[in-house]
Amino acid sequence: MDLAADILNRLLIAEYGSLIHRLAEASPYVSWRSTEHHAAIQRMLADVERHQHELAGTIVRLRGAPAPRTYPTSVGGVHYLKLSYLMPQVIAGVRDLVHLYEQAGTTGDGDADALIARNLEDHRRHLRELEQIHAGLHQPA
């Protein structure tokens, strides 16, 4: 497989395994303290879906085969947890994504490198927003 496609597949697999998806599943059971926080999470989820779609599309363009969508068993069973308990795990997972994207280096393909850079900036923004939301969970209502 092409080096660029291999790098993108590693990122795609990490995106699939991100715990941030569980915030969408927990959403019906969480009373968000603000509609602003809920809207920020919804934007993050849309970004993550876009990342997956664009990574897979770029892998195909490079004549590679995108990794199948799988989920680590470690991210299961979190549907009914309190947001204050789940959030540190989500934040740690986004930190891991940031680190993985930073370590990806260059692929030799300009479009793939630009995609990696865009996704990295999204994850850095997500990390800042999640940390702010988490800090707000411990403030009196």
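At what angle do α1 and helix α4 (residues 83-103) pack, and how far apart are their axes? The angle is about 175°, and the axes lie 11 Å apart. Axes are lines fitted to C-alpha atoms, for helices over the stretch in contact, and angles run from 0 to 180 degrees between N-to-C directions. α1 and α4 are therefore roughly antiparallel to each other, a label for angles over 145 degrees.

Before going on, note that this is a predicted model: local features need pLDDT of at least 70, side-chain atom pairs count only at pLDDT 80 or more, and totals for chains, interfaces and linings use all residues. Residues are numbered from 1 along each chain as its sequence is written, and side-chain values use heavy atoms, without hydrogens and water.

**Stop 1: confidence.** Colour by pLDDT, the predictor's confidence in each residue, from 0 to 100. The protein chain averages 85, and 79% of the residues score at least 70. Helix α1 (residues 3-17) is highest, at a mean of 95. Helix α2 (residues 21-26) is lowest, at 69. Helices here are DSSP runs (H or I, at least four residues), numbered from the N terminus.

**Stop 2: α1 against α3.** Select both helices. They pack at about 155°, with axes 9 Å apart. That makes α1 roughly antiparallel to α3. Now show side chains. In α1, pick residues including Leu8, Leu12 and Tyr16; in α3, those they meet include Val48, Leu55 and Ile59. Contact means heavy atoms within 4.5 Å.

**Stop 3: along α3.** Select residues 35-61. At 1.5 Å a residue, the 27 residues of α3 should span 39 Å; the end C-alpha atoms are 39 Å apart, which agrees. The expected span is 1.5 Å times one less than the number of residues. Then click Arg63, which follows α3: its phi is positive, near 65°.

Terms used:
Helix = DSSP H or I, 4+ residues; strand = E, 2+ residues; numbered from the N terminus. Parallel < 35°, antiparallel > 145°, perpendicular 65-115°, else oblique.
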